[in-house]
Amino acid sequence: MTDAATPATLDPYAASDEVLSAALGDEPRYRLVQLRAWLARGVDDPEEMSDLPAGLRRRLADVLAPPPELVAQTSADGGLTRKVLLRMQPSGEEIESVLMLYPAGGERERARATVCISTQAGCAMGCPFCATGQAGLRGQLTVGEIVRQVTVMQRLLASGEIAVEGAPDHVTNVVFMGMGEPLANVAGTLGAVRWLTDAERGFGLSARSITVSTIGLVPAMRQLTALGLPVRLAVSLHAPDDALRDDLVPANRSHPLAEVLAAAAEHAEATGRRVTFEYVLIDGINDQPEHAERLAALLAGRGAAHLNLIPMNPTPGVSWTAPPVAAQRAFCRRLTDAGLPATIRANRGTDIDAACGQLYATYQLRSGRILPAAIGAAERLDGTRR
Ligand code: SF4
């Protein structure tokens, strides 16, 4: 038993059987099966594990990291989009996750309930168009803090607290596109993917229903590929050449486009899943006809599953904006005319559903500072603005 003043920190979603068995002490072996079954159903508060004896529930509550507190819930798009604010325990870190419901009907044959989850508190990557990127990194989320964003939504759906006609009553898809760069927290992200796809001891979600977004951290992309799971990779490009990308995505200086695209092709080859690409459209910065032409040339013959064009969200402290709608459409048309499967992504809610971190465009810059890298890039590009 831990000291009352010591917060319980054992992450039940990352713990091996040996570690959980140690936490269970002298209990019979089937207790481990019971505990795993509760976790798989999204129940991680020992007090709710009704088939465990009261004494064991109390002991577990002393060692397992407590479930997050659901601080707030908001709804948009006629209830089809739900955003929840979770306060993680014991860190106290507040994280937003979004549930997007897509009822069956129209062109969509299969109803979906997609959760967009965060992997880091803040982000260290410093992309100058992104609110999260400018605030810097506050910390990595643990495996449990990542998967609990899914299990909280699962419980809201399963309990009927969130219910929309024609939409699933369970989570069908997970996208790692919330706050942070998922592959900059490779241990957390890979651990969460493993747990979510583990049919025996985890959530049992099909790997094909999971998308991991990245700006192209090549070594970690290869680690994801090495998992051997057909997870979809979404590569955020945001620029069609290294010169511009060095400024818009500073990580490009370490992992230039050719290397990123080669690692993406390896993933597609190994998993049989074609890669999707993301491109944030910024007025006067990366939205000119020559950018579209270079982007089309860059992706020609790469078998892209899709190219999502994302009108930039307003970002505190940044003067850049999305191009006018006519310019967005013209950019998209140039790509489709070149044979690329491009669309302009329809925003869900007012400030959600975009590339990594852009989801949180209204995210408050709590530290009150903007990363020097982001300021420098914005100043340089404003100097060359069309
Ligand atoms: S766009 Fe993504 S990788 Fe870049 S700073 Fe924002 S959250 Fe980080």
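I count two rings of Phe, Tyr and Trp as a pair if their centres lie within 6.5 Å, taking the six-membered ring for Trp.

**Entry: aromatic pairs.** I am working from a predicted model, and by this rule the count comes to 3 aromatic pairs. I looked up the pair of tyrosine 13 and tryptophan 195, which is edge-to-face, with 4.7 Å centre to centre and 90° between the planes; planes over 60 degrees apart count as edge-to-face. Because tyrosine 13 lies in the segment before helix 1 (17–24) and tryptophan 195 in helix 6, the pair ties together parts that are 182 residues apart in sequence. I then checked accessibility, and found tyrosine 13 buried at a relative accessible area of 4%, with tryptophan 195 also buried, at 6%. One aromatic cluster is formed by Tyr13, Trp195 and Phe203.

**Entry: charges over rings.** I looked next at arginines placed over ring faces, and noted arginine 41 over the face of tryptophan 38, at 4.2 Å from the ring centre. A further case is arginine 112, which lies over the face of tyrosine 102 at 4.5 Å from the ring centre.

**Entry: strand 8 and its neighbours.** I followed strand 8 (residues 210–214), where 5 of its 5 residues are buried. Both faces are covered, with Ile210, Val212 and Thr214 buried on one side and Thr211 and Ser213 buried on the other. Strand 7 (residues 173–176) pairs with strand 8 in the parallel sense over 3 bridges, and valine 174 has isoleucine 210 of strand 8 as its bridge partner. With helix 7 (residues 218–226), strands 8 and 9 make a right-handed β-α-β unit.

**Entry: helix 5.** I checked the length of helix 5 (residues 143–158) and found that, at 1.5 Å a residue, its 16 residues should span 22 Å, which agrees with the 22 Å between its end C-alpha atoms. I noted as well that helix 5 bends by about 25° at glutamine 149. Just after helix 5, I found glycine 160 with a positive phi of about 85°.

Terms used. Residues numbered from 1 in each chain as written. Predicted model: local features only at pLDDT ≥ 70, side-chain atom pairs only at ≥ 80, totals over all residues. Heavy atoms only, no water. Helix = DSSP H or I, 4+ residues; strand = E, 2+ residues; numbered from the N terminus. Expected span 1.5 Å × (residues − 1). Bend = angle between axes of the 7 residues up to and from the residue. Buried < 20%, exposed > 50% of the residue type's maximum accessible area, 1.4 Å probe, protein only. Pairing = 2+ DSSP bridges. Right-handed = clockwise from strand over helix to strand, strands pointing away. Phe/Tyr/Trp six-rings, centres within 6.5 Å; stacked < 30°, edge-to-face > 60°. Lys NZ or Arg CZ within 6 Å of the ring centre and 35° of its normal.
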